[in-house]
Amino acid sequence: MGMDIGMRVLMWVGALAAGGLAIALLAEGILRIAFGFGHPPLYVADEDMGYRLAPNQRVRRFGNRIEINAYSMRARSIAEKPDAGVFRVFLLGDSLANGNWWTDQADILSARIAHYLKPLLSADYQTVEALNASANSWGPRNQLAYLERYGTFEATALVLLLNTDDLFGTQPTSLQVGRDRSYPDRNPSCAIAEVFNRFFQKAPTIPGLADIQSEGGDRVGKNLTAINGIYQHASQADGQFILILSPLKRELPGPRDYELVARQRLQDWANANQVTYLDLLPTFQKLPDAEKLYRDHIHLSKAGNEQVAEIIATALQPR
């Protein structure tokens with residue numbers, strides 16, 4: 001009698017364990033296949049850039065394809081030099097340019113610029129090739145370090161896309177890599193573990209990061225120096241250079257006083273160097289539904305990408 005009860009208990013325990021395992025496997029499969037958890041875009045620490053996307057990746061997050069080439073670009077594989085008849089446009093930026101996990105490879109800003117640029121090409125060009133060197137929270141100093149490492153790849157045009165916060169960006173650091181869940185350097189043990197870590201676990205404090213984020217001195221001046229360095233790389237490569245400034249959503253009614261000062265310094269630099277400079281704030285302010293151009297307080301929506309891509313393509317039109 002006692003043995004029968006014991007056997008029944010063991011059978012129930014075994015059934016529950018098997019059921020729990022089946023549910024866990026089902027959840028793991030759904031999280032991987034439907035959402036792409038378990039295989040996030042990875043980063044590598046970089047002494048000069050701070051960090052960059054790990055090269056040669058192909059992942060899918062929330063149904064969106066993300067492809068990173070050998071040069072840590074969100075772009076297809078490229079040759080170091082463009083073929084004859086190719087208009088190579090090189091977009092350099094941060095998460096606005098990158099599109100992150102919420103943008104499919106076909107819809108990132110560089111791809112949309114190429115789309116709008118194709119019908120505008122002169123007879124000298126038959127096609128467009130879009131390059132995209134970008135990463136979350138990159139600022140001008142990260143971007144300059146990228147060009148100093150890899151160069152401009154003989155791009156026909158270099159487009160530097162900034163948002164207002166970039167004017168106040170701090171020095172490059174790799175402290176986040178492998179410590180901040182937004183900058184993983186290896187795949188998690190499983191999709192369930194990634195979901196738990198991302199949504200249910202408190203973010204760890206990263207020693208030293210607060211000191212860098214509170215960098216003193218003239219940050220705007222340091223970033224203007226980096227912007228000038230980027231411009232010099234484009235000029236030395238004899239390529240067209242365009243500087244774009246995308247406003248924060250809260251700037252639509254009007255920037256804050258310290259932002260107005262930084263914006264004017266950028267405008268003065270562009271005027272002094274006769275740089276093609278497109279401040280998108282006046283254009284956005286004229287639109288009755290400008291808030292629809294944003295997916296959050298800073299990043300562009302799909303409609304915003306389309307608007308900005310068309311503006312950039314028009315400015316790049318080969319004369």
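Modeller: Strand S1 (residues 43-46) pairs with strand S2 (residues 50-53) in the antiparallel sense, over four bridges. Here strands (E, at least two residues) and helices (H or I, at least four) are DSSP runs numbered from the N terminus, and two strands pair if DSSP finds at least two bridges between them. This is a predicted model, in which local features need pLDDT of at least 70, side-chain atom pairs count only at pLDDT 80 or more, and totals for chains, interfaces and linings use all residues. Residues are numbered from 1 along each chain as its sequence is written, and side-chain values use heavy atoms, with hydrogens and water left out.

With three residues between them, S1 and S2 form a hairpin, and Val 44 has Arg 52 of S2 as its bridge partner.

A further five strands form an open sheet with parallel pairing, in the order S6-S5-S7-S8-S9. Strand S6 (127-134) and S9 stand at the edges with a single partner strand each, so one side of each lacks a neighbour in the sheet. On average, neighbouring strands of this sheet are turned by 20 degrees against each other, direction ignored; axes are lines fitted to C-alpha atoms, for helices over the stretch in contact, and angles run from 0 to 180 degrees between N-to-C directions. Helix H4 (residues 140-150) packs on the sheet, touching strand S5 (86-93), S6 and strand S7 (157-163), where contact means heavy atoms within 4.5 Å.
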